[in-house]
Amino acid sequence: MSDQAVAEYRIEDLAHHSGATVRTIRAYQDRGLLPKPERRGRSNVYRDTHLARLRQIADLLDRGYTLASIKELLEAWDAGRGLGGVLGLVAEVHGPWTDEEAARISRDELNDRFGGKPDDEAVGEACELGVLERIPGRPDQYLVPSPQELAVAAELYAAGVPLPAITGHLRELRGQVEHIASRFLEFTTEHVFARYLGAVPPTDSDAAEAATMVRRLRPLAQQTVDAELARAMRLFATRHLQRHLGAVGTPQPPGPATVALPAETVRAVQELVGAEHVAEFVRAATERELRARTMNDLASRGGR
């Protein structure tokens, strides 16, 4: 870097300060994402504007944008269209969707919460699921993106649920919740955000309005899911309890039980004895079958 008031960089210096490789910088130039450097003799000279652009590209890539969409955004910016609203929309969507704050936990604390014994396989699966995140250079420390989720797992384990069952349930639940999130986004995009996102990229004012709408609608998905989950849990938990209490030994109501017979069986009996004698025939046939089984049982006992 030179001692001039305006910073200047060789491509190697630019790579060092931006975190991009020399090869990546050249690829961005070829794709039109990065302005061409100033040619000075046999060398290329880059400035702070190039460094700022590289950092902006890296930020948008981290947020999930493709290079093609980033190029459209940057071209609009270079053409004089403001991107303040667009970048505000990006920040709003990429920001936290919960008030919960991440925490740290040591390996010893983790072991204590799950039985007191180290379980490398369970920790590895938790990291794969994102329940835990490894901290570079700190093998004994983990980041917990959702302490609430980890607390639920610990409570289930303390109640007797094995760790493989907990992680299996989480995988299944995650797929179902991701489907709900996808449907909510499709629904709101169709009915709310389509009017803001007609232009690509959207105008600065449209993007700013869309960002405001995201803030308004952000809590609705969770509130809806919470209400519906509470309704479903109340309904199914009651049914579940009734079914299991009945199986354990709750006395069944006295009186005859209704048994559905296949239609073909009923028709055959009607042809045999007439419609008015179907019930009598079924009762007699049942009693004969019971007597026959009783006789067979007695005979088998006598032969022992």
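Helix H3 is followed by Gly64, which has a positive phi, near 100°. That is our way into this predicted model.

Step back to the whole chain. The protein has 304 residues, and 25% of them count as buried. It holds 12 helices and 6 strands. Look at contacts between residues at least 6 apart in sequence: 56% of these join residues at least 24 apart. The accessible surface comes to about 21,500 Å². Carbon and sulfur atoms account for 56% of that surface.

Now return to H3. This helix covers residues 48-62.

Which residues of H3 are buried? They are His50, Leu51, Arg53, Leu54, Gln56, Ile57 and Leu60. Keep the helix geometry in mind here. An α-helix has 3.6 residues a turn, so residues three or four places apart point the same way.

Next, the strands. An open sheet of 3 strands runs in the order S1-S3-S2, with antiparallel pairing. Strand S1 (8-9) and strand S2 (38-40) stand at the edges. Each has a single partner strand, so one side of each is left without a neighbour in the sheet. S2 and strand S3 (residues 43-47) run antiparallel and are joined by 3 bridges. Arg39, for one, has Asn44 in S3 as its bridge partner.

H3 lies across S1 and S3. Its direction is at about 70° to S3.

Conventions: Residues are numbered from 1 along each chain as its sequence is written. This is a predicted model: local features need pLDDT of at least 70, side-chain atom pairs count only at pLDDT 80 or more; totals for chains, interfaces and linings use all residues. Side-chain values use heavy atoms; hydrogens and water are left out. Helices (H or I, at least four residues) and strands (E, at least two) are DSSP runs, numbered from the N terminus. The expected span of a helix is 1.5 Å times one less than its number of residues. Buried means under 20% relative accessible area, exposed over 50%, partly exposed in between (1.4 Å probe, protein chains only). Contact means heavy atoms within 4.5 Å. Accessible areas come from the Shrake-Rupley method with a 1.4 Å probe; for residues, only the protein chains shown count as cover. Two strands pair if DSSP finds at least two bridges between them. Axes are lines fitted to C-alpha atoms, for helices over the stretch in contact, and angles run from 0 to 180 degrees between N-to-C directions.
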